[in-house]
Protein chains: 2
Amino acid sequence: MVGAMASDAMHAIDAGGYRVIVGAGLRQELGVHVAAAARAHRYALITDDQVAQHHAETALASLARHGRTSVHVMRAGEAHKTRETWATLTDELLEAGCGRDTTIVALGGGVVGDVAGFVAATFMRGVPVVQVPTSLLAMIDASVGGKTGVDTEAGKNLVGAFHPPAVVLVDVEFVRTLPVAHRRAGLAEAIKHGVIMDEEYLSRVETLAPDVIAGDASATLELVARSVEIKASVVRADPREQGLRRILNFGHTLGHALEHASGYELLHGEAVAIGMVLEARLAERIGVAAPGTAQMIERVVRSSALPVVRPAALTAAAILAATRSDKKARGGAVAYALPSRIGAMAGAERDWGIEVGDAAVLEVLT
Amino acid sequence: MVGAMASDAMHAIDAGGYRVIVGAGLRQELGVHVAAAARAHRYALITDDQVAQHHAETALASLARHGRTSVHVMRAGEAHKTRETWATLTDELLEAGCGRDTTIVALGGGVVGDVAGFVAATFMRGVPVVQVPTSLLAMIDASVGGKTGVDTEAGKNLVGAFHPPAVVLVDVEFVRTLPVAHRRAGLAEAIKHGVIMDEEYLSRVETLAPDVIAGDASATLELVARSVEIKASVVRADPREQGLRRILNFGHTLGHALEHASGYELLHGEAVAIGMVLEARLAERIGVAAPGTAQMIERVVRSSALPVVRPAALTAAAILAATRSDKKARGGAVAYALPSRIGAMAGAERDWGIEVGDAAVLEVLT
């Protein structure tokens, strides 16, 4: 546990052209932060019907002190991360009289951030967006990096744009209104950050996990700040995912496949947790990772009370098939981002993507 | 008329990060040029059902020599520049197995360029697009500058993105298959380029107009090359339309309003021709432009056999109302891009946008 001083502190992290501000209670001064980063004639607050119940009123009151503000509510959940929702929100903004001189504020989890970010990327060829993540997963991962988009029938995130936010405002106190399962799921990306870049941090995640799951603000602040530092350092080095940034895909090739094969019954963080354990085993099996890497990851995943084995209902063949439709498949082969040991990734000489044959993948899946 | 040498020559113009290649007969080597600028695993040719009749076969044959190529045909016309067409084309590409490693080739007029460009901007968060304009208007104007997008019920180009092409390939021989009215309409933007930046070029447009309207390739080559040079110099200076680039809006505030009020009965170039004459008169009336500016513009517009007065069926009030929904309206007021004389624009100190009261606009409309 860190003390009260640290919990009151604000961290400002450079993500390359914009800042991620992490603190406790930022939502009370939302309008001040938004206006400082992206002052506009009009503000459009986009959120979902679940987040709105807890947080829309405070956010609206704060924004309205800085300019005319409209509120636009989408239905919660990945099932609504669609072109239809994007079009409806766009039409609502036009109807509300929003023009080019509008800043969009995305208040919610990863789905809201992705959809509202894509509305901003395409509204009159692009207006600023401020990301205000309310889920632990979005704080740690989704809100940083400028990826926006929606799903189609054919798969996740197949339509979208890179549209970096004007600023990301992380109020760690939002985690108090999250279900425990969602706090746990958020830890998966923190574990990933430790594995890909910082062995010491991975141990720290193991220590902090119980307090984060319990909703402790100062433990959450420490975790989010360090995770954002790691993610931001990667994004700064490769904003358009043309090289290094691929290391952030660790756990995600099999993770996305599991998520898809489960019909999105698995939370993203749960699927990534299983994906990391499986991909680390894959890395050991093909001689890329040092022995013991998978075991250490499995231990920390267990400490966060996240799953380590695939649901029995999902066959190995179904998961393998789902990897093939992933965006990361290039020219037919599936490339994995794999660790060489805890804290370091392999494959720098191959653009951080290691092609693995189906036989080896099937072996770790069965 | 310029001689055979000039007509065979290729011009390569720097548009800031990409080149516009202007020549006669380029379509025969389309694949070579596309692969040189944006080699990919897959090529997706997007065109419309009118252009496809004349030009799809040659383009496909040339592209197919460089990689697997799929062809995607939208219905022709502004009425189909919609989110629905964009979504259908995107789904077709996914179904055809296109991944991130795809280059989209946009073969057609401004509508195809805008829609296919927007598909490219948003397909898996952005893949390269090569613009191959087939209309004179698109050669001179739409294909250069990276603007992409679609219309909504609320207005034109309200949804879109800046997505600069990998290269623009202009084969002036495409004008041979255009209706005469479309060649004339293309001249409107050339006239605009003269007004905003080059008095000598405006005279040259007057001289070249009859040959361009007759479909002469060398006159068209000279016109397109100089117009693209002017447009590219403006786009290089201001790629995201945050300042100087607004001068390209000359004639377009009233032009778009006329186009909209006419229910798109007027061709874009016809509406812009009338818009330029009216806006030049407006500029004289409010003391911004030197006397005689509007008269000179009117003379060149007439030499291109383009209209100079608004259709009687459109009331001044309807046109004025239509200016208010324009994207260029900021904070409620409508700003015009106006000349100070032939070859120079006014308002540098006001970001090239001059706010004009409704009374003055109504006077020139009536």
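**Notes on the A–B pair and its helix packing**

1. Chain A and chain B bury about 2,800 Å² between them, with 56% of that on carbon and sulfur atoms. Buried area here is the accessible area (1.4 Å probe) that two parts lose on being put together, summed over both. In residue terms, 31 residues of chain A are in contact with 31 residues of chain B, where contact means heavy atoms within 4.5 Å.

2. A word on what you're looking at: this is a predicted model, in which local features need pLDDT of at least 70 and side-chain atom pairs count only at pLDDT 80 or more, while totals for chains, interfaces and linings use all residues. Residues are numbered from 1 along each chain as its sequence is written, chains are lettered from A and ligands numbered from 1 in the order in which they are written, and side-chain values use heavy atoms, leaving out hydrogens and water.

3. Two salt bridges to look up: B:Arg100 meets A:Glu241 (3.3 Å, N to O), and B:Arg83 meets A:Asp91 (2.9 Å, N to O). The B:Arg83 pair crosses between chains, running from helix 4 (residues 83–95) of chain B to helix 4 of chain A. Helices are DSSP runs (H or I, at least four residues), numbered from the N terminus.

4. Staying with helix 4 (residues 83–95) of chain A, it packs on helix 5 (residues 110–122) of chain A at an angle of about 55°, with their axes 10 Å apart. Axes are lines fitted to C-alpha atoms, for helices over the stretch in contact, and angles run from 0 to 180 degrees between N-to-C directions. The two helices are therefore oblique to each other; under 35 degrees counts as roughly parallel, over 145 as roughly antiparallel, 65 to 115 as roughly perpendicular and the rest as oblique. Contact residues include A:Trp86 and A:Leu89 of helix 4 of chain A and A:Phe118 of helix 5 of chain A. They divide into six nonpolar, three polar and no charged (Ala, Val, Leu, Ile, Met, Phe, Trp, Tyr, Cys and Pro count as nonpolar, Asp, Glu, Lys and Arg as charged, and the others, Gly among them, as polar).

5. Now chain B: the axes of its helix 4 and helix 5 (residues 110–122) come within 10 Å and cross at roughly 55°. That makes helix 4 of chain B oblique to helix 5 of chain B. Among the residues that meet are B:Trp86 and B:Leu89 in helix 4 and B:Phe118 in helix 5.

6. Further along chain B, helix 10 (residues 252–261) and helix 11 (residues 268–285) pack at an angle of about 135°, their axes 7 Å apart. That makes helix 10 of chain B oblique to helix 11 of chain B. The contact residues divide into six nonpolar, six polar and two charged.

Terms used:
Salt bridge = Lys/Arg side-chain N within 4 Å of Asp/Glu carboxyl O.
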